[in-house]
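Please read them with the structure open beside you.

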Amino acid sequence: VQLVESGGDLVQPGGSLRLSCAASATIFTFNAMRWYRQAPGKERELVADITSGGTNYADSVKGRFTISRDTAKNTVSLQMNSLKPEDTAVYYCNMVIRTLGSLRPSEYWGQGTQVTVSS
């Protein structure tokens, strides 16, 4: 199973971007879908996640970012508004999912997409 991300770009402060992550297989059940980011010289951090219990966000992005999933398209998205220079990072999607034909959930990672916020 591959996760393919898209949507990363260069954007000015205050702008918006929408990241998407598509799984290459049909998702039978999901445990969690997450977005992480890693800025240069920093550790990877959890930005947002979605589970059957709802959504959670890092304090630094609350009110600005929204995570959502599309069951029919096997995707998870991250809508990012009011972007700041400190949001600059490589963004990675992560899924803990069970695909059709699998007996148990497994964890998968995308390859990362660059988001740069700069004037």
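1. A salt bridge is taken here as a side-chain nitrogen of Lys or Arg within 4 Å of a carboxyl oxygen of Asp or Glu. By that criterion, a search of the whole structure returns 4 salt bridges.

2. On provenance, this is a predicted model, in which local features need pLDDT of at least 70 and side-chain atom pairs count only at pLDDT 80 or more, while totals for chains, interfaces and linings use all residues. Residues are numbered from 1 along each chain as its sequence is written, and side-chain values use heavy atoms, with hydrogens and water left out.

3. Strands are DSSP runs (E, at least two residues) numbered from the N terminus, and two of them pair if DSSP finds at least two bridges between them. On these terms, 4 strands make up an open sheet, arranged in the order 1-3-8-7 with antiparallel pairing. Its edges are strand 1 (3–6) and strand 7 (65–70), each of which pairs on one side only. On average, neighbouring strands of this sheet are turned by 15 degrees against each other, direction ignored; the axes behind that angle are lines fitted to C-alpha atoms, and angles run from 0 to 180 degrees between N-to-C directions.

4. Within that sheet, strand 1 is joined to strand 3 (residues 17–23) by 4 bridges in the antiparallel sense, and Val4 stands opposite Ala22 of strand 3.

5. Which residues are linked in a network of salt bridges? They are Arg37, Glu45, Arg64 and Asp87. Arg37 meets Glu45 at 2.6 Å, N to O, and Arg37 also forms a salt bridge with Asp87, where the closest N and O atoms are 2.9 Å apart. Since Arg37 lies in strand 4 and Asp87 in the loop between strand 8 (75–80) and strand 9, this pair ties together parts that are 50 residues apart in sequence. Asp87 forms a further salt bridge with Arg64, at 2.8 Å between the closest N and O atoms. That pair links distant parts of the chain, 23 residues apart, with Arg64 placed in the loop between strand 6 (54–57) and strand 7.

6. For accessibility, buried means under 20% relative accessible area, exposed over 50%, and partly exposed in between (1.4 Å probe, protein chains only). Arg37 is buried at 6% and Asp87 is buried at 1%, and Arg64 is buried as well. Glu45, with 34% relative accessibility, counts as partly exposed.

7. The structure holds 1 disulfide, defined as a pair of cysteine sulfur atoms within 2.5 Å. It is formed by Cys21 and Cys93, whose sulfur atoms are 2.0 Å apart. Because Cys21 lies in strand 3 and Cys93 in strand 9, the pair ties together parts that are 72 residues apart in sequence. Cys21 is buried at 0% relative accessibility, and Cys93 is buried with a relative accessible area of 0%.
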